[in-house]
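Dear colleague,

Please find below the structure for your records. My notes on what was found in it follow directly after.

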Amino acid sequence: MTLGWVVLAGVPDTRYFRWEQVVDVEAKLREEFDRWERKETAVLKVLPYPLLAVSLVFTLLQPHWNAEAHLPGVLGLSTLLTAWVMWFHTFHPALHGNSPLMGLYYTGLVAVTACLVLLTPWFGFFAFIGYVHAFQYLKGRCRYVGVAVTSAVSAVSYVGGSDDITADQWWKWPAVSALTTVMATAAFYADVMSDRRNHQQKRALVELHKANAELETALAENAGLHAQLLVRAREAGVLDERQRMAREIYDTLAQGLAGILTQLQAAEQASGEPAVSRRHVANAMDLARESLTEARRTVHAVGPSALAQARLPEAIGDVAKRWSEVNRLMAVLTTTGDARPMHTDVEVALLRTAQEALSNVAKHARANRVSLTLSYMEDLVTLDVLDDGVGFLPDTKRAGSSADGGFGLAGMRQRVQLLAGQLDVESEPGEGTAITVTVPAIPVGSGS
């Protein structure tokens, strides 16, 4: 758990980098869209005035134009048209959303433009603004009516002016009007679809910005939860390490000290028999060396030395053999099934269970014989420890012990439960004791 927390804390979360990239792309899209929209709005706002100026200049430059007859009308209508456009189009943008009023504006615009085109065809340049303002200020089918009317006005300019629409050439104007209307309607429809897509993209960008803002808030909350998770993971890792140390200390130092004490007491009782006393002292020294070695391995979180030097059946068999020599009591190990390497946690749990069970037999059972059975099955591994000692009532709490029947039995249960295994104790007074541990057969190389 501790190692997992270190990895979790040390690896950067790439989601945050991807989030920053998404936000950056969204911001660039909005900025580009807004910049393009501002430019378009600025161009369309001033476009009528250059077109009107060009039309008026070309009109005045024509050498054969009847200036004396038409100049006052052209200048007056141009002035009126300029004031009309300035009032509705330039100076009062708040009116642009009023459809009936802007319909009136467009009607006046086309009417005055038609009058100017009838006076001089050069105002066909300005007539183009009818398409633009139909798109801007008319809605629905009225837009296409505006396109048709503008095309009819522009057609007068295309055929050379009203003077060229004679009795034998009258058909040119409706023909050009129809052709212009078809072409302008097709182009206008494409512009409408493009504008609709632009509005959809704008709405999509607005929704994306809103979603990004919500996601940013969620990520901020997630960052807080992530920090809490790291704290809790560290606390859990510390607690897990403490429990591991407690189990290992009990399985090594406590058991070793208990064995040393037992051997020294036996040596003291056999003070009249030097050979027996020396044997017990030698056993105590061996236990002390083994306990010291195991304590060092525990501090460094290294597995038991018995498993480092042999496979699990041999390690348990060696433990049983040495226990038999120290306690002058036969302990026999039987192995069944396909003995194969298991995950370190599984082997440590089974080895420590065997050690603790034998230690309990030596301290409490007063048995004559102990048998151990290690069974390998397809999905499970079991260890049975049976003795023919005095037995006890498993549900009875001993003096000075925990609710689990002593720290050793509690430690065994904790080890087994961490592996999703099970520990069963069966005993009755005078009938001996049977301890069965069942754990999953996790192979070497699998995650625990």
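This is a predicted model: local features need pLDDT of at least 70, side-chain atom pairs count only at pLDDT 80 or more; totals for chains, interfaces and linings use all residues.

Alanine 420 is exposed, at 68% relative accessibility (exposed means over 50% relative accessible area, buried under 20%, and partly exposed in between, with a 1.4 Å probe and protein chains only). This residue sits in the loop between α14 (407-418) and β4 (422-427), where helices (H or I, at least four residues) and strands (E, at least two) are DSSP runs numbered from the N terminus.

Residues are numbered from 1 along each chain as its sequence is written, and side-chain values use heavy atoms, with hydrogens and water left out.

Arginine 366 also has a positive phi, near 50°, and is likewise not a glycine. Arginine 366 belongs to the loop between α13 (344-365) and β2 (369-376) and is exposed, with a relative accessible area of 66%.

Turning to helix packing, the axes of α5 (residues 99-119) and α7 (residues 129-137) come within 10 Å and cross at roughly 175°; axes are lines fitted to C-alpha atoms, for helices over the stretch in contact, and angles run from 0 to 180 degrees between N-to-C directions. The two helices α5 and α7 are therefore roughly antiparallel (over 145 degrees; under 35 counts as roughly parallel, 65 to 115 as roughly perpendicular, and the rest as oblique). In this pair, Met102, Tyr105, Tyr106 and Leu109 of α5 meet Ile129, Gly130, His133, Ala134 and Tyr137 of α7, contact being heavy atoms within 4.5 Å.

Helix α5 also packs against α8 (residues 141-158), at an angle of about 15° and with the axes 9 Å apart. Helices α5 and α8 are therefore roughly parallel. From α5, Tyr106, Val110, Thr113, Ala114, Val117 and Leu118 meet Gly146, Val149, Thr150, Val153, Val156 and Ser157 of α8.

Finally, the structure holds one salt bridge (a side-chain nitrogen of Lys or Arg within 4 Å of a carboxyl oxygen of Asp or Glu). Arginine 322 pairs with aspartate 318, their closest N and O atoms being 3.1 Å apart. Both residues lie in helix α12 (residues 312-327), four residues apart, about one turn of the helix. Arginine 322 is partly exposed at 28% relative accessible area, and aspartate 318 is partly exposed at 36%.

Yours sincerely
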